Amino acid sequence: MKDEFGREVRVFAPGSVANVACGYDVLGFAIDEPGDEVVARLVEEPGLRIVQITGDEGKLPTEVDRNTAGVAAHDLLKHLGMLDLGIELEIHKKMPFGSGLGSSAASAVAGAFAVNVLIGEPLTRKQLLPFAMAGEASADGAWHADNVGPCLLGGIVFVRDNHELDIAELPVPKDLWVAVVHPDIEILTKVAREILPKEVPLENVTQQIGNLGGLICGLIQEDYGMISRSVHDVIAEPKRQKLIPEFYKAKRAAMAAGALGFSISGAGPSVFGLCEGEASARKVGDAIQAVFSGVDLGNQLYVSKINQLGVRVIE
Ligand code: HSE
């Protein structure tokens, strides 16, 4: 690759909504925006380096082994026996930290994907999963593919087993839209995981399994009624809602505006309303925003179809 020094690849990795109410740690989908960008560049000096990070307010480490994109890229190169190759990474954070939108997953996916493209795509997208996972795990210590999976592959991803990384891509009904609202507070995933109960009543487990199965059936059969009846979380949401101001008011507003279902995006504080059609998603988004704005809580709305592309090369 000697003659190619200076050649670079820029990629965009989208945010994602993990859990989708009833699929704690096992279900997630990608959205169109926000997302992170990573540039990978071939250089003469051997080794992997992070040379620039923007949009992080100085919060992210530039040491490769402490940075989600760095760890993902490093582990991929190590696997390929290419750690001596000279590669510079630039990371451009375009989404808030601790937002529940899969920010660390997006950087990790972008790091692994950009390097893989730069070196001629020796691995498929799916084969990049363990490296992106390692990158994300370096941020929150947990091992769940419900953000990394959809960010990498696009669409709606179901994880049968997080350790085996046994995953399936689910069909996306053509009018399925989402309104995601990010209120301006930060919730650390670690904290949002620690407040969950270690044991759950059997009755709740049964209900949650029914809802998860129902949601998957609804997606496969494009049955919006079944989707709507299934998007309920009886395990994490009742505990985590306390971390989000006006959560139940926002939920009532979203449902009254016509959402199929409403819950917390990942570990929060972002919330989402699943909707049939764009007009409905815009109406639901406005209703959720009005609740947060009503208590002077700054917030951003992202209205999106389910993003079927996942991470991609951009100009
Ligand atoms: N499934 C994870 C959680 C997503 O809810 O903690 C957070 O990134």
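A residue counts as buried when its relative accessible area is under 20%, as exposed when that area is over 50%, and as partly exposed in between (1.4 Å probe, protein chains only). Keep that in mind as we look around this model.

First, some ground rules. The model is predicted, so local features need pLDDT of at least 70 and side-chain atom pairs count only at pLDDT 80 or more, while totals for chains, interfaces and linings use all residues. Residues are numbered from 1 along each chain as its sequence is written, and side-chain values use heavy atoms, with hydrogens and water left out.

**Aromatic pairs**

Rings of Phe, Tyr and Trp (its six-membered ring) pair if their centres lie within 6.5 Å; planes under 30 degrees apart are stacked, over 60 edge-to-face, and the rest tilted. That rule gives three aromatic pairs. Here are two of them:

| Pair | Centre to centre | Between the planes | Type |
|---|---|---|---|
| F29 and F272 | 6.2 Å | 85° | edge-to-face |
| F247 and Y248 | 5.2 Å | 75° | edge-to-face |

What does the F29 and F272 pair tie together? F29 sits in strand β2 (residues 27-42) and F272 in strand β9 (residues 271-276), so the pair links parts that are 243 residues apart in sequence. (Strands are DSSP runs of E, at least two residues, and helices are runs of H or I, at least four, numbered from the N terminus.) F272 is buried, at 0% relative accessibility, and F29 is buried too, at 2%.

In the other pair, F247 is buried at 2% relative accessibility, but Y248 is partly exposed at 36%. Together with F262, F247 and Y248 make up one aromatic cluster.

**Around the ligand**

Which residues are around the ligand? Among them are N19, D25, H144, N147, R193 and R240, where being near means having a heavy atom within 4 Å. Some side chains make polar contacts (pairs of N or O atoms within 3.5 Å). A polar side-chain atom of R193 is 2.6 Å from a ligand oxygen. For an N or O atom in the side chain of N19, the distance to a ligand oxygen is 2.8 Å, and for N147 it's 3.0 Å. Taken alone, the ligand exposes 260 Å², and the protein buries 95% of that. Accessible areas like this come from the Shrake-Rupley method with a 1.4 Å probe.

**A loop residue**

Last stop: I195, in the loop between α5 (189-194) and α6 (202-221). I195 is partly exposed, with a relative accessible area of 33%.

Notes
Polar contact = N/O pair within 3.5 Å; in protein donor to acceptor, adjacent residues only side chain to side chain.
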